[in-house]
Amino acid sequence: MPPHLEAGLDARAEIEQLIGRVSLGDRAAFQTLYSRTHAKLFGICLRILNNRQDAEEALQEIFVKIWHRSNQYRQGVASPMSWLITLARNHALDMVRGRKPVNDDLDVAQDLASADPSPEDQILAMDQNRQIETCMEELEPQRADAVRLAYLDGHTYQDLADRFNVPLNTMKTWLRRSLGRLKECLSQ
Amino acid sequence: MTTDDDAPRTDEIIVAEYVLGLLEEDEREALTERLNQEPHLRALETFWTERLSLLADEVPEVEAPHLYDRISDRLFADARSIGWWARLTSALGVWQATAMSAVAALVIVGFVTVLFVNMQDRTMGDWVATLAAEDSDVAFVASIDLDDQILSISGQSGAVLTDQDYELWIIEPDSAPVSLGVVPVNAQTNLRLDDANLAGVREGSILAITIEPLGGAPEGIPTGPVVAAGPLTIQAS
């Protein structure tokens, strides 16, 4: 296995183990999990909330959620960073939009599969990284930017329409077509 | 761009919009309903969640180490009292918790003076406790000999642990648990109690067993689940 993949798997396994220990009430593991992952999650909060004070509040609430929900993480279904990022992102979106949280704990989705991933699956998971980069590059640059703005900055359709100066329905059509092409490319 | 309007809005795309957070509130609620019913939608949700989260690779990390203490305070500041009691109450079951309160109330009303005097005289019988919990097959029995200041505890059932330890705690009502050390489940252990330990022992005090890392909870605060607990009662001599 190439060294960078091996290193990635080690990091993934470590985060998985930490989440597992946290679910048993291990506070030392919780502190280590914080030190390993908070900087990424804080970056995500800052990007969506655009305000340091709000992001600090969000990060605290996110780690309180992680402590209480760590038993809902299912190894081998979601990657541990994806689980943490999704939890953080959904929390920040709930805050910025004043919406009430629904179904953001992923436990339902993760009940679907239970088997541990094979090493091949794990390498596949690592390869997904470059795959989404490749697929994003195949979109027209503005449309790829729109997908990024929606995911990373929490833009709504209206925000995107304003930003690209197009009618709302046009923006929706653009983005839906881009998502269709992304799905096709990612499923290859 | 109106020619683009004929693009079909398939489930694949609606779920992607859901994961991105682009759906209107009513659409979002409707899809949440469908996600609970339809496994193929949940698979799509996982697909998009996993793939799109990789976009976060480009988000710069921002260190905020000082926030950990605040999080820790939020989660654990109360753990030495309220959180602990909540866990105990749940371990013991509501019925036992209610019975315990009743016993405690009775003691306060009628017997507190007598108890105090007799504690001083140390002529009373031993204190005993049966430690058990719902959803756990771990059980211990314990007794305290006041004259010799010895607590004897022996396991009645429960798996022998290899990479963890059972730890014994004594808890006075509304106080932090105090560790009495790790105890094996397959042998009797005699522990000498110091005066400080003994001073707090009264009707309503609880002995509890948690599962902890080898050697016991590192910071002297229980971290693992309560697998057995029970109130101390007086056994007349």
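# A tour of chains A and B

Guide: Welcome! You are looking at a predicted model, in which local features need pLDDT of at least 70, side-chain atom pairs count only at pLDDT 80 or more, and totals for chains, interfaces and linings use all residues. Residues are numbered from 1 along each chain as its sequence is written, chains are lettered from A and ligands numbered from 1 in the order in which they are written, and side-chain values use heavy atoms, with hydrogens and water left out.

Visitor: What makes β3(B) and β6(B) a pair?

Guide: Strands are DSSP runs of E with at least two residues, while helices are runs of H or I with at least four, both numbered from the N terminus. Two strands pair if DSSP finds at least two bridges between them. Here five bridges join β3(B) to β6(B), and the two run antiparallel, so they count as a pair under that rule.

Visitor: Why are β6 and β9 of chain B called edge strands?

Guide: First, the order: five strands form an open sheet, β6-β3-β2-β1-β9 in chain B, with antiparallel pairing. β6 (188-192) and β9 (233-234) of chain B each have a single partner strand, so one side of each is left without a neighbour in the sheet. Further in, β1 (residues 127-131) and β2 (residues 139-145) of chain B are joined by five bridges, with Ala129(B) opposite Ala142(B).

Visitor: What makes β5 and β8 of chain B edge strands?

Guide: They belong to an open sheet of four strands in chain B, ordered β5-β4-β7-β8 with antiparallel pairing. β5 (178-183) and β8 (226-231) of chain B each pair on one side only. Five bridges join β7(B), residues 206-213, to β8(B), and Ile209(B) stands opposite Ala228(B) there.

Visitor: Now the two chains: how do you know how many residues take part in the contact?

Guide: Contact means heavy atoms within 4.5 Å. By that test, 58 residues from chain B and 70 residues from chain A take part.

Visitor: Why is the link between Arg28(B) and Asp94(A) called a salt bridge?

Guide: The term asks for a side-chain nitrogen of Lys or Arg within 4 Å of a carboxyl oxygen of Asp or Glu. The closest N and O atoms of Arg28(B) and Asp94(A) are 3.8 Å apart, so the pair qualifies. Between chain B and chain A the count is six salt bridges. On the side of chain B that touches chain A, α1 (11-20), α2 (25-37), α3 (39-53) and α4 (67-76) of chain B each supply at least two residues. The largest share, 13 residues, comes from α3(B).

Visitor: What makes Arg36(A) and Glu14(A) a salt bridge?

Guide: Their closest N and O atoms are 2.8 Å apart, so this pair also passes the test. Arg36(A) lies in α2 (residues 27-49) and Glu14(A) in α1 (residues 3-23) of chain A, so the pair ties together parts that are 22 residues apart in sequence. Over all chains, the whole structure has 18 salt bridges.
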